[in-house]
Amino acid sequence: MLEDIVAYKKHETESKKKNTSVEELIERVASARKPRDFKLALSEGTISLISEVKKKSPSKGTLKPDFNHLEIAKEYARSGASVISVLGDEHFFGGGADIVRKIASDSDITLPVMFKDFISSEYQLYEARASNADAVLLIVRILDQSTLCSLIQKTKELGMSALVETFDESDIKRALEAGAEIIGINNRDLETFETDFEKTKKLISFIPEHIITVSESGIHTREDVQLMESLGFDAILVGESIVKHSDIPAKINELLS
């Protein structure tokens with residue numbers, strides 16, 4: 001599945017370039033609002049929550065009927081989230097750059113916003129910053145080392161932060177060598193969609209203490225959050241269990257209290 005998604009995204013990016021050139025995106029970047037401090041938002045106080053705006057997924061289908069991206073993001077902002085993650089992909093996850101822009105530009109939302117997509121080119125970074133995103137997701141598994149290094153550097157030049165996602169010890173080593181300052185461990189393998197907290201317990205020991213750490217996926221209960229706190233994670237990324245809940249503020253309160 002991961003390989004298919006990445007192949008589709010590369011083809012999609014080439015198609016986008018025909019409609020909107022890199023030069024046009026750079027012009028939009030110049031007029032984008034000042035980036036917010038994503039890294040600081042993840043390192044303040046107790047464990048921070050990255051709440052994800054996600055309409056659907058390849059494995060679960062549509063997560064919630066009558067999905068209103070902006071209203072859900074506003075509810076996150078009012079209910080205790082530290083950061084909002086928004087899917088930049090439309091085809092597989094029901095998001096899009098325009099949706100990121102609406103959320104990141106709304107006057108009621110002052111939290112940092114992360115553009116979450118399967119990024120493999122600078123074009124996508126410009127697209128993210130032009131959408132007023134403050135951070136992006138970079139997945140180690142889908143990038144060669146040279147590209148990973150250059151994308152992290154370019155992200156910094158654009159004033160954004162990079163959440164660098166890993167799945168195993170080799171990924172963590174590569175992320176550190178590439179200069180990652182924020183490293184996520186995905187508890188769910190995107191090839192098998194299986195969640196394994198036991199693997200996460202082992203992997204976090206390979207990340208130095210000065211690196212901001214994020215536990216991603218498969219977090220559903222207060223007990224899950226407490227486990228991640230006990231392991232030393234600075235933040236958690238949660239989407240499905242919040243989106244699907246009938247009372248979003250209550251679910252966020254449950255996770256964080």
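Biologist: Which residue in β10 stands opposite serine 51?
Modeller: The model is predicted, and residues are numbered from 1 along each chain as its sequence is written. Strand β10 covers residues 235-238, runs parallel to β1 and is joined to β1 by 4 bridges; two strands pair if DSSP finds at least two bridges between them. In β10, the residue opposite serine 51 is valine 238.

Biologist: What limits apply to features of this predicted model, and which atoms do side-chain values use?
Modeller: Strands (E, at least two residues) and helices (H or I, at least four residues) are DSSP runs, numbered from the N terminus.

Biologist: In what order do the 8 strands close into a barrel?
Modeller: The pairing in this barrel is parallel. Neighbouring strands of the sheet are turned against each other by 25 degrees on average, direction ignored. Axes are lines fitted to C-alpha atoms, for helices over the stretch in contact, and angles between N-to-C directions run from 0 to 180 degrees. The order is β1-β4-β5-β6-β7-β8-β9-β10.

Biologist: Which residue in β5 is the bridge partner of isoleucine 84?
Modeller: Strand β4 (residues 83-87) runs parallel to strand β5 (residues 113-116), with 4 bridges between them. Serine 85 stands opposite methionine 114 in β5. Both faces of β5 are covered, with Val113 and Phe115 on one side and Met114 and Lys116 on the other, all buried. For isoleucine 84, the bridge partner in β5 is valine 113.

Biologist: Which helix makes a right-handed β-α-β unit with β5 and β6?
Modeller: A crossover is right-handed if, with the strands pointing away from the viewer, the path from the first strand over the helix to the second runs clockwise. Strands β5 and β6 (residues 135-139) pair in the parallel sense over 2 bridges, and methionine 114 has alanine 135 as its bridge partner in β6. The unit of β5 and β6 is made with helix α6.

Biologist: How many residues has the largest nonpolar core?
Modeller: A nonpolar core is a set of buried Ala, Val, Leu, Ile, Met, Phe, Trp, Tyr and Cys residues joined through side-chain atoms within 4.5 Å. Phe38, Leu42, Tyr76, Val136 and Leu138 have the most contacts inside this core. Not counting residues up to four places away in sequence, phenylalanine 38 touches several residues, including Ile50, Val83, Met114 and Leu163. The number of residues in the largest core is 86.

Biologist: At roughly what angle do the axes of α1 and α6 cross?
Modeller: The axes of helix α1 (residues 2-19) and α6 come within 10 Å. Their crossing is left-handed, meaning that the near helix is turned anticlockwise from the far one by less than a right angle. Thr13, Lys16 and Lys17 of α1 make the contact with Tyr123, Gln124 and Glu127 of α6. The axes cross at roughly 65 degrees.

Biologist: Does asparagine 132 count as buried or exposed?
Modeller: Asparagine 132 lies in the loop between α6 and β6. Its phi is positive, about 75 degrees, although the residue is not a glycine. Because its relative accessibility is 11%, asparagine 132 counts as buried.

Technical notes. This is a predicted model: local features need pLDDT of at least 70, side-chain atom pairs count only at pLDDT 80 or more; totals for chains, interfaces and linings use all residues. Side-chain values use heavy atoms; hydrogens and water are left out. Buried means under 20% relative accessible area, exposed over 50%, partly exposed in between (1.4 Å probe, protein chains only). Contact means heavy atoms within 4.5 Å.
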